[in-house]
Amino acid sequence: MGYTVKTPDYTHLGATDFEHVYEPAEDTFLLIDSLEVHAEDLIAMKPTVCVEVGCGPGLAITALGMMLQDHEIAADLQYARLCTAASLLNILLALQTSTPRRYRQLARLLHAMGLLFTRTNAI
């Protein structure tokens with residue numbers, strides 16, 4: 001059975017973001033293509049934890065999560081997607097790629113606490 005792994009939307013990222021976080025390049029898309037090639041095996045494993053070290057803007061870990069959700073692994077199994085990054089901004093961008101609603105909630109909280117300043121200061 002062939003699986004399609006979608007490339008997550010990352011149009012929310014701009015040139016100024018790429019001054020602080022790794023810009024998706026050939027290696028990112030090669031990793032996503034590899035997830036697609038091995039999708040059947042990955043789904044059969046029923047992973048409970050997925051970790052990406054140095055997630056950049058979160059495309060690979062988000063693609064994996066979308067693949068697992070699309071194939072109803074999430075309905076049968078609780079799993080966690082974790083990523084590590086060099087900065088809070090990096091984590092926020094990865095969160096924004098993965099779950100825009102949760103990103104907005106967290107960004108509002110950090111902004112209210114004075115820990116996050118946006119270009120417009122309006123979240």
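Search the whole structure, and you'll find one aromatic pair. Its partners are Tyr10 and Phe29, whose ring centres sit 6.3 Å from each other, with 40 degrees between the planes. Those two values are what you need, because a pair of aromatic rings is described by the distance of the centres and the angle of the planes. Here the pair counts as tilted. Keep in mind as you look around that this is a predicted model.

What does the pair tie together? Tyr10 belongs to the segment before helix 1, while Phe29 is in helix 1 itself, so the pair links parts that lie 19 residues apart in sequence. To count as buried, a residue has to come in under 20%.

Now step along to Thr28, which is found in helix 1, the stretch covering residues 26-37. Thr28 has a relative accessible area of 12%, so this residue counts as buried. Setting aside its neighbours within four places in sequence, Thr28 touches Tyr22 and Leu59.

Time to zoom out. The chain has six helices and two strands, and if you walk from the N terminus, the elements come in the order α-α-β-α-α-β-α-α. Of its 123 residues, 33% are buried. Take the contacts with a separation of 6 or more: 68% of them join residues 24 or more positions apart.

So what about the inside? In soluble globular proteins, nonpolar side chains tend to be buried together. In this chain, the largest nonpolar core has 13 residues, and the members touching the most others are Val5, Leu64, Met67 and Leu68. Which helices supply at least two residues each? They are helix 1, helix 2 (39-45) and helix 3 (59-70). Helix 3 gives the largest share of this core, with six residues.

Look past its neighbours within four places in sequence, and you'll see Leu64 in contact with Leu35, Leu42 and Cys50.

Key: Residues numbered from 1 in each chain as written. Predicted model: local features only at pLDDT ≥ 70, side-chain atom pairs only at ≥ 80, totals over all residues. Heavy atoms only, no water. Helix = DSSP H or I, 4+ residues; strand = E, 2+ residues; numbered from the N terminus. Buried < 20%, exposed > 50% of the residue type's maximum accessible area, 1.4 Å probe, protein only. Contact = heavy atoms within 4.5 Å. Phe/Tyr/Trp six-rings, centres within 6.5 Å; stacked < 30°, edge-to-face > 60°. Core = buried A, V, L, I, M, F, W, Y, C linked by side-chain atoms within 4.5 Å.
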